[in-house]
Amino acid sequence: MAASSTLTLPTITSSSSSSSSSSSCSSSSTYHYIYTTTTTFLTKQHLFPYPSLNLFSSFSSSKYKLKLKHQHQHRRVMSVSASSSSSSSLQALIFDCDGVILESEHLHRQAYNDAFAHFKVRVPSSSHHQPLNWDIHFYDDLQNRIGGGKPKMRWYFKEHGWPSSTIFETPPTHDDDRAKLIDTLQDWKTERYKEIIKSGTVQPRPGVLRLMDEAKDAGKKLAVCSAATKSSVILCLENLIGIERFQSLDCFLAGDDVKEKKPDPSIYVTASKKLGVSEKDCLVVEDSVIGLQAATKAGMSCVVTYTSSTADQDFSDAIAIYPDLSNVRLKDLELLLQNVVAAK
């Protein structure tokens with residue numbers, strides 16, 4: 001991001017005037033907005049200290065468009081600048097794993113379907129006698145609404161009927177048997193997922209490793225918080241970011257470490273305490289609306305790096321949205337967060 005890049009918007013004049021608005025903001029007020037012209041992202045109106053001004057901005061390569069709603073009836077001049085004189089408040093950078101560090105949705109779906117086939121899982125609502133198979137469209141919707149593997153299966157079986165399988169020949173009716181079914185399927189699925197990761201065919205998403213290294217070199221706290229099973233997350237991190245980076249993390253939390261899964265904020269609240277960093281000084285990188293909700297409920301700002309399965313979700317609560325992290329630098333995130341904190 002070039003510090004000298006500045007865009008000045010034309011003055012905006014209302015068709016009528018009013019003296020009642022003068023106490024809110026003088027006509028010479030200037031607002032600063034951070035942007036890059038190489039990466040698409042979206043910013044919230046709370047980046048601006050003026051509550052009556054709603055600014056939505058989307059930049060894609062050299063193209064950009066601005067939509068401005070102005071509720072007060074004064075002339076305004078706004079400057080959009082990539083520079084700022086305020087000190088950064090970013091102290092901790094927290095990454096989700098699945099979808100952020102690696103694009104993993106299709107790998108998890110494959111592992112679930114392999115587990116269903118291995119145990120011959122058949123639900124009563126199925127119109128055929130083949131094992132359960134989650135297709136790509138259904139799984140995209142499911143994994144974007146329900147976090148964690150066991151909650152996904154429990155929800156599905158409640159909706160579509162508890163299945164027969166080689167684990168239980170007849171559909172289980174008692175809670176203990178249903179829990180055993182889900183535990184067995186999840187354990188087998190996790191081992192299958194590990195085999196896929198170990199195959200060496202999976203690579204981290206663009207920009208992740210560089211951004212992690214930038215944060216560490218700058219003395220920032222670095223954490224990973226995932227709703228997935230701890231053993232599978234450890235395997236992913238060791239294989240994708242490397243053992244040295246993994247061991248240097250200041251905090252690592254998985255679904256096993258908290259009682260409630262995302263979108264519950266527990267995992268991020270716990271991370272803040274373990275890091276010893278205030279929620280407002282943490283910045284979360286997520287890929288889905290479930291993760292975004294968890295971060296914002298914890299009082300943290302969040303940027304989204306979406307995947308093909310989450311691109312159409314509502315990320316209006318994110319302070320920035322990126323297709324990936326290839327053109328995102330630590331300084332960009334510092335500037336974003338300091339403006340959010342300054343506006344609160």
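Tutor: Two strands pair if DSSP finds at least two bridges between them. Helices (H or I, at least four residues) and strands (E, at least two) are DSSP runs, numbered from the N terminus. This is a predicted model, where local features need pLDDT of at least 70, side-chain atom pairs count only at pLDDT 80 or more, and totals for chains, interfaces and linings use all residues. Residues are numbered from 1 along each chain as its sequence is written, and side-chain values use heavy atoms, with hydrogens and water left out.

Student: In strand 10, what is the bridge partner of V303?

Tutor: Strand 10 (residues 320-322) pairs with strand 9 in the parallel sense over 3 bridges. In strand 10, V303 has as its bridge partner A320.

Student: How many residues of strand 9 are buried?

Tutor: Buried means under 20% relative accessible area, exposed over 50%, and partly exposed in between (1.4 Å probe, protein chains only). From strand 9, S301, V303 and T305 point one way, C302 and V304 the other way, and all are buried. For strand 9 (residues 301-305), the count of buried residues is 5 of 5.

Student: How many residues has the largest nonpolar core?

Tutor: A nonpolar core is a set of buried Ala, Val, Leu, Ile, Met, Phe, Trp, Tyr and Cys residues joined through side-chain atoms within 4.5 Å. V303 is among the residues with the most contacts inside the largest one, as are L93 and L333. The number of residues in this core is 43.
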